[in-house]
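Here are my notes for you on this structure, point by point. Keep the viewer open while you read.

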Amino acid sequence: MVNDMHLRFLGGSDRVGSLAMLLDIDDTHLLFDYGMTPSKPPEIPLPAPPVDYVFLSHAHLDHSGMLPVLSENGSVPIYCTNITSEISHLLHKDSLKIAETEGYSPPYSTLEIKKIMHLFEVVKPKESFEISSMYDVRFHDAGHIPGSLMVEISGSKRLLFTGDFNTIDTHLVKGTKPVDCDILVMEGTYAGRDHPMGREELEKEFIDKIDEVVGRGGVAVLPAFAVSRSQEIALVLRKAGFDIWFDGMGRKVSKLFLKHPEYLRDASALKRAMNDINLVHSDHGRKLALESEVILTSSGMMDGGPVLHYMNKLKNDPKSAVLLTGYQVEGTNSRLLVDHRKLDFYGVLESVSCEVQYYDFSGHAGHSELVSFAKACSPEKIVLMHSENREVLAESLKDFSEVILPHNDQYISL
Ligand SMILES: [Zn+2]
Ligand SMILES: [Zn+2]
């Protein structure tokens, strides 16, 4: 018997942000991710109807950020890894704090954040179970950040929801492998963009640049996402011998990573890297950091966090440099810095004299890797999501009989 299967995006189909996808198989209703875009003000998906299962691919806010509101829909289990549930909890509390400081109406309450903690059902990669008499779910490591999952739904048809994924190995996690399926629902964050060079070459250029900055008497400021990117950078710099100070939420996230070594490629390397880094705990620490060589700090897109404190002190110093380690999304402070050499300090726009460079330490598959991955999964249909450049990716996938680019709120029969 062939089951009736259709999907509908509640958010994030055509952009990198606030992802949420509903999948209905006959009378079983599944929700994949329920994220928010941490823009000003935050962008959220359409309200979610009651569902039977929720699957959370990973902790990043654009996938997990709006989960607490689901506690209104009763006690529906949310399946994810233990590390994902713990980091999501940290990010939910932080979102609430940001809403308060920025003056937005909070998307949920502390009570809802607590309630949702009890709804998490811990799963692991390779685990599977029955979700209806005819369908199973199986989890695969996504290679994106520690604990990230791809979700496979299999019965009369096999569907793979990739969440965010990476196929190449990084210091933190190993890349993922393709999964045979009939319907591939694939992210396309890097659609149209390839990573310009191999990791080794990138790391060498990055370390050489820091050497140059330190050599001329400047400080290298490395804005990095708290979850995964800052730990990856700590690992990249592990043997370079710089005097490094680490500030922001990444410190707490590092502790959580080390609590779950089974999700790390080399937990002892991260432990050693963290031991060699100075943690900022106070204003005095911030002063010392400004006299050091390297400051690793959040937020990655420079829209808040301690990075603005450091930049306020260093903005007129042409010897210092801002070395961005993540892509600069349109409308963010880091994009403003790259395009106009200016930063928005809580409403006050100021020029920045520091050198600015971008190093592509992405945790996502690049364009060519997305295409190879899709081909190796050999699906009949491909659904492209979570991308601002889906048309370009669809063009590279035109050998497939059906490539679907759904809009939010559109019903797609599979
Ligand atoms: Zn992600
Ligand atoms: Zn994402």
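1. Let's start with burial. A residue is called buried if 20 or more other C-beta atoms lie within 10 Å of its own, exposed if 12 or fewer do, and partly exposed in between, with C-beta atoms placed from the backbone.

2. The model is predicted, so local features need pLDDT of at least 70 and side-chain atom pairs count only at pLDDT 80 or more, while totals for chains, interfaces and linings use all residues. Residues are numbered from 1 along each chain as its sequence is written, and chains are lettered from A and ligands numbered from 1 in the order in which they are written.

3. Now the overall build. The protein has twelve helices and 22 strands; these are DSSP runs (H or I, at least four residues, for helices; E, at least two, for strands), numbered from the N terminus. Its radius of gyration is 21 Å, close to the 22 Å from the globule rule for 414 residues, so the protein is as compact as a globular protein of that length. That radius is taken over C-alpha atoms, and the rule is 2.2 Å times the number of residues to the power 0.38. Along the principal axes, the C-alpha atoms fill a box of roughly 70 × 45 × 40 Å.

4. How is the protein divided? There is domain 1 (5–193 + 363–413) and domain 2 (199–358), with bounds from an automatic or database domain assignment. Their C-alpha centres lie 28 Å apart. The contact between them takes 21 residues from domain 1 and 18 residues from domain 2, where contact means C-beta atoms, placed from the backbone, within 7 Å.

5. Next, an open sheet. Seven strands run in the order E6-E5-E4-E3-E2-E1-E22, with mixed pairing; two strands pair if DSSP finds at least two bridges between them. At the edges sit E6 (120–122) and E22 (411–413), each pairing on one side only.

6. Zoom in on E2 (residues 20–25) and E3 (residues 28–34). They pair in the antiparallel sense over six bridges, and Ala20 stands opposite Tyr34 in E3. The loop between E2 and E3 holds Asp26, which has a positive phi of about 50° although it is not a glycine. Is Asp26 buried, exposed or partly exposed? It counts as partly exposed, because it has 14 C-beta neighbours inside 10 Å.

7. Ser378 also deserves a look. It has a positive phi of about 40° and is not a glycine. You'll find Ser378 in the loop between helix H11 (367–377) and strand E20 (381–385). With 12 C-beta neighbours inside 10 Å, Ser378 counts as exposed.

8. E12 runs parallel to E15, joined by four bridges, and parallel to E16 (residues 321–324), joined by two bridges. Val221 has Ile295 as its bridge partner in E15 and stands opposite Val322 in E16.

9. The peptide bond from Ser298 to Ser299 is cis, with omega near 5°. Ser299 lies in the loop between strand E15 (294–297) and helix H9 (307–314).

Notes. Contact = placed C-beta atoms within 7 Å.
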